[in-house]
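Please keep the sequence and the 3D view at hand as you read.

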Amino acid sequence: METQHSGTNDAGLPQMNVRASSYFLLRAAHPCAACDRSTTVFALAVPAGHECTEADAVLDDEDADSPGMTPGAFHEWLYRPVQWQRIPGPALVSQVRLLDPPVAQALQALAPHYRPDAERDRQWTNFCEHCGKAIREGTLYASAGQTFSPKDAQAAAAIQVREQHAPFEAFCAMFWTDSYRNKWPLFARMGYECSEAD
Ligand SMILES: [Zn+2]
């Protein structure tokens, strides 16, 4: 279990960067690359209306040619109040580094082979239920046709979706939102029809 408490670390800085009033636990069968057997893998997603902090976006928006922030401005930026931004669509969360303890506890019971990987910054990782080898997210999420990136409704139907009606809070380094078209069949499976805005 994570020892750090939700919201801030010892320095009082924000840690969690996503929160929602509920979350989805996705479950699917995946062929383990190490032993070739089919194992159960899990993923987490948050509903439309979840909230994210803007911290990363602010840094990324800095112009590469700009002189950058002065130390004073950086200090101010670092210690500014956390700003939560409501995201209108759902998201598959990825590279999860921190989970609110109640969520982590629920996963312990529901998804025992999905747990922090001590060899990889304690990133939440699926482990093969047969050989115990880690299953990297690169083989699960990134491109169409992978286990949590089904190509169409038929492939998406193989994913079991369980909505957990409990608060969700986490720190994740990557969000697959509905701006990624290849996640639309997955989101449709979760009950969100995505379409081109015109
Ligand atoms: Zn295996």
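**A strand and its surroundings**

Five of the five residues of β8 are buried, so this strand is largely enclosed by the rest of the structure. Buried here means under 20% relative accessible area, with exposed over 50% and partly exposed in between (1.4 Å probe, protein chains only). Helices (H or I, at least four residues) and strands (E, at least two) are DSSP runs, numbered from the N terminus. Before going on, note that this is a predicted model, in which local features need pLDDT of at least 70 and side-chain atom pairs count only at pLDDT 80 or more, while totals for chains, interfaces and linings use all residues. Residues are numbered from 1 along each chain as its sequence is written, and side-chain values use heavy atoms, leaving out hydrogens and water.

Looking along β8, you will find Gln 123, Thr 125 and Phe 127 pointing one way, and Trp 124 and Asn 126 the other way, all of them buried. The strand belongs to an open, antiparallel sheet of three strands in the order β7-β8-β9. Because β7 (114-117) and β9 (134-135) stand at the edges with a single partner strand each, one side of each is left without a neighbour in the sheet. Two strands pair if DSSP finds at least two bridges between them.

Take the β7 side to begin with. Four bridges join β7 to β8 (residues 123-127) in the antiparallel sense; Pro 116 is partnered with Trp 124, and Tyr 114 with Asn 126. The hairpin of these two strands has five residues between them, and Asp 121 takes a positive phi near 55° there.

Now for the metal. The zinc ion has as its protein donors the SG atoms of Cys 32, Cys 35, Cys 128 and Cys 131, lying 2.3 Å from it. Donors are N, O and S atoms within 2.8 Å of the metal (3.2 Å for Na, K and Ca); water is not among the atoms, so sites may look incomplete. Distant parts of the chain are linked here: Cys 32 is in the loop between β2 and β3, and Cys 128 is in the loop between β8 and β9, 96 residues apart. Cys 32 counts as buried at 2% relative accessibility, as does Cys 128 at 3%.

Contact means heavy atoms within 4.5 Å, and beyond its neighbours within four places in sequence, Tyr 114 is in contact with residues including Phe 42, Leu 44, Leu 107 and Trp 124. A nonpolar core is a set of buried Ala, Val, Leu, Ile, Met, Phe, Trp, Tyr and Cys residues joined through side-chain atoms within 4.5 Å. The largest one has 23 residues, and Tyr 114, Val 18 and Phe 168 are among those with the most contacts inside it. Elements that each supply at least two of its residues include β1 (18-20), β6 (91-99), α3 (101-110) and β11 (168-177). A second, separate core of 20 residues includes Leu 26, Ile 135, Trp 176 and Trp 184.

Finally, β11 is mostly covered, with seven of its 10 residues buried. Three antiparallel bridges join β11 to β1, where Ala 20 stands opposite Phe 168. β6 pairs with β11 in the antiparallel sense over seven bridges, and Ser 94 has Met 174 as its bridge partner.
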